[in-house]
Amino acid sequence: MNEYTLRAVGHVESTLTERAAAPRQPDEGAPDAWLVFDDRYVAALDGLLPGTDVLLLTWLDRADRDTLTVHPRGDVSRPLAGVFATRAPDRPNPIGLHLVHILAVAGNRVHVRNLEALDATPILDVKPLLAPDSTQR
């Protein structure tokens with residue numbers, strides 16, 4: 001099997017420190033948080049603007065990478081499902097995908113609304129949310 005090297009570009013600063021206390025989705029009480037980027041990536045933040053939405057990719061570093069099936073949303077009354085059919089954090093490659101709204105950009109820090117990622121979660125990438133007719137690539 002092939003292996004690939006990922007490089008974190010920063011980390012999350014959040015009041016969420018315990019996985020059990022974290023909301024499962026951003027609209028379930030996730031707090032605002034800061035994305036803190038390594039100084040060498042500040043130029044990559046150019047063009048990120050308050051008031052816009054972006055896709056944030058994180059590495060769920062506290063996930064169990066051997067988990068292949070889960071009860072959706074941790075509800076044991078629901079039948080087991082493969083992790084690829086769920087948003088469970090435990091999975092072979094625990095990449096988190098978060099739609100976040102930018103509140104502010106200050107140097108190497110980006111303030112975002114409703115992020116359910118835990119404090120110190122590594123940031124892998126940020127991508128703009130493109131409209132279907134967008135020419136931005």
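Reader: What makes Lys127 and Asp125 a salt bridge?

Author: The closest N and O atoms are 3.3 Å apart. The rule asks for a side-chain nitrogen of Lys or Arg within 4 Å of a carboxyl oxygen of Asp or Glu. The pair therefore qualifies. The model is predicted: local features need pLDDT of at least 70, side-chain atom pairs count only at pLDDT 80 or more, and totals for chains, interfaces and linings use all residues. Residues are numbered from 1 along each chain as its sequence is written, and side-chain values use heavy atoms, with hydrogens and water left out.

Reader: Why is Lys127 called partly exposed?

Author: Its relative accessible area is 41%. Buried means under 20%, exposed over 50%, and partly exposed in between (1.4 Å probe, protein chains only). Lys127 therefore falls in between. Asp125, at 31%, is also partly exposed.

Reader: How many salt bridges does this rule give?

Author: Four. Among them is Glu13 with Arg109, the closest N and O atoms being 3.2 Å apart. That pair links distant parts of the chain, 96 residues apart: Glu13 lies in strand S1, Arg109 in strand S7 (residues 109–113).

Reader: What makes S1 and S2 a pair?

Author: Four bridges join S1 (residues 10–13) to S2 (residues 33–37). Pairing needs at least two bridges found by DSSP. Strands themselves are DSSP runs of E, at least two residues, numbered from the N terminus. S1 and S2 therefore pair, and they run antiparallel. His11 stands opposite Val36 in S2.

Reader: Which strands make up the closed barrel?

Author: Six, in the order S1-S2-S7-S6-S3-S8, with antiparallel pairing.
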